[in-house]
Amino acid sequence: QDTLFAAVKQMLAGLLRRYPHLGGNVVYLFTSNYEPGAGMLAHAVPVTVTPPAIERQAGHVGKMLRELVRKSASLPAQDVKVEIKAPLPCVDDMRRLCAWWLSVGFHVTEQLDRMRAKAKANAAANGKREGEDGSSCALCSVHCTVAGSSERELELIVAIERRATEHDMICSWAGGHALLADPYARPQPGQVREEARIRVVASTADLLYVREKRMATGLCCMMRIVPCLGGCGQCERRRGAAVGDEARGWEALTEARTVVAMCEAGVLTPGVVVLHGADAKRKEMEAALMRMCRKRRAPKRQEEQEEEQDSRSVRVALREEGDQIKVNGHETEIRGGLLKFIDDYNNPNMARPAPAASTSSSELSTSTSTSGSEAGVSAEEEGLCVVVCEVNEAGQFMLRELLEGGATKTHRYAINKAQVLFIISVDEGAGIEDMTKSRAHAIIACR
């Protein structure tokens, strides 16, 4: 800190020699997570910034959760109501509070999508498209209640009102008006109220909430160390009888599946999964996560899927100071390192990388031009961009900015990190830094 402060003072002194009349316009302002050094204390007054009170936190969470639901429902603010009746976690790290409303909001919006899809399917089954004859599946209002007696288990009550479709009106007429004098009288359009309840539980590391019912991945008995999360009767029986490490494996994959789904939905930008434990077990979990991230659209041959996955994944080792070039590129490059790899994938103005072998850390340390495919393909169609980082304590420090939510900005350009998943594999024997814990969405112990 003292060295940095002295360098800034020297730079400023050079400027003020040219513009001495502007010296009164300069104020030193430094932010740090550490105690100020003696050299800085001689010229500055420390101000301690503390988290807001729990009441202010609750107001912020309610506002952000309502806005997330409003965007998903495409409704004006007055038609969206959010009530939080469950106790909020009292946290000092606001990133944890952000993970709370992001994960709860994700489950709510996912349920809204299911309810709308069901209404559209019923309308289609009746031979009508949405909007025909004045009927519509569009939402009219949404009321979300977050209930629960503890912080670890929540019940999400999602109630909607939507325009009735012809299918709804026929069902209502057949159920309650079968004895009308005029059996051919058509029911009048109206509104339909539906309600759904979701139970979510806190993850093992209390980082976000996952659905109590495991979500299927279609990966049966993945890697033979962690069972699949549904769709297989044998695995369902094993899950019911799972104890110890196997039960923890179920929980770990459920958390990872939630993070992957939130990345795909654009809720997390980026998603961060941290793996720690024995080297061999971490490798197995990495392979399981890569399979989970593989594009699940039209069925293709295994070799085609692996080739597609390789074209949008990269592995880097960050352990020494010289490895910083793999993250930011060389100082002479405008775009380089991981920043270039992610920008090539997410920037709509860049050509999509052609299928090739997965990029290695040595290729990231030098300037390389990526050949693009002729047809532009969106990131959503390509699937997730996966960045696997093998790190120790020093490597975690190098990644602190890339793991932060939102765009990564430099003095030259900004990197969009939507549809990007970071898998941070911490070396055996190395600790997980507080900055990494704060930015992580799932921390999985590989035993």
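**Close-up views of a predicted model**

View 1. Glu-286 sits in helix 8, which covers residues 279-293. The model shown here is predicted. Is Glu-286 buried or exposed? Its relative accessibility is 3%, so Glu-286 counts as buried, since buried means under 20%. Which residues does Glu-286 touch, leaving aside those up to four places away in sequence? They are Leu-275, Arg-315, Val-388, Ile-423 and Ser-425.

**View 2. The span of helix 3.** Helix 3 runs over residues 54-73, 20 residues in total. At 1.5 Å a residue, helix 3 should span 28 Å. Its end C-alpha atoms lie 28 Å apart, so the two values agree.

View 3. Six names make up the buried set of helix 3: Gln-57, Val-61, Gly-62, Leu-65, Val-69 and Ala-73. Why do they fall on the same side of helix 3? Because they cover an arc of only 135 degrees around the axis. An α-helix has 3.6 residues a turn, so residues three or four places apart point the same way. On the other side of helix 3, the exposed residues include Arg-56, Lys-63 and Lys-71.

**View 4. The whole protein.** The protein has 15 helices and twelve strands. It holds 447 residues, and 42% of them count as buried. Take the contacts between residues at least 6 apart in sequence: 72% of these join residues at least 24 apart. The protein exposes about 24,000 Å², with 52% supplied by carbon and sulfur atoms.

Terms used: Residues numbered from 1 in each chain as written. Predicted model: local features only at pLDDT ≥ 70, side-chain atom pairs only at ≥ 80, totals over all residues. Heavy atoms only, no water. Helix = DSSP H or I, 4+ residues; strand = E, 2+ residues; numbered from the N terminus. Expected span 1.5 Å × (residues − 1). Buried < 20%, exposed > 50% of the residue type's maximum accessible area, 1.4 Å probe, protein only. Arc of directions from axis to C-beta. Contact = heavy atoms within 4.5 Å. Areas by Shrake-Rupley, 256 points an atom, 1.4 Å probe, with all protein chains shown as cover.
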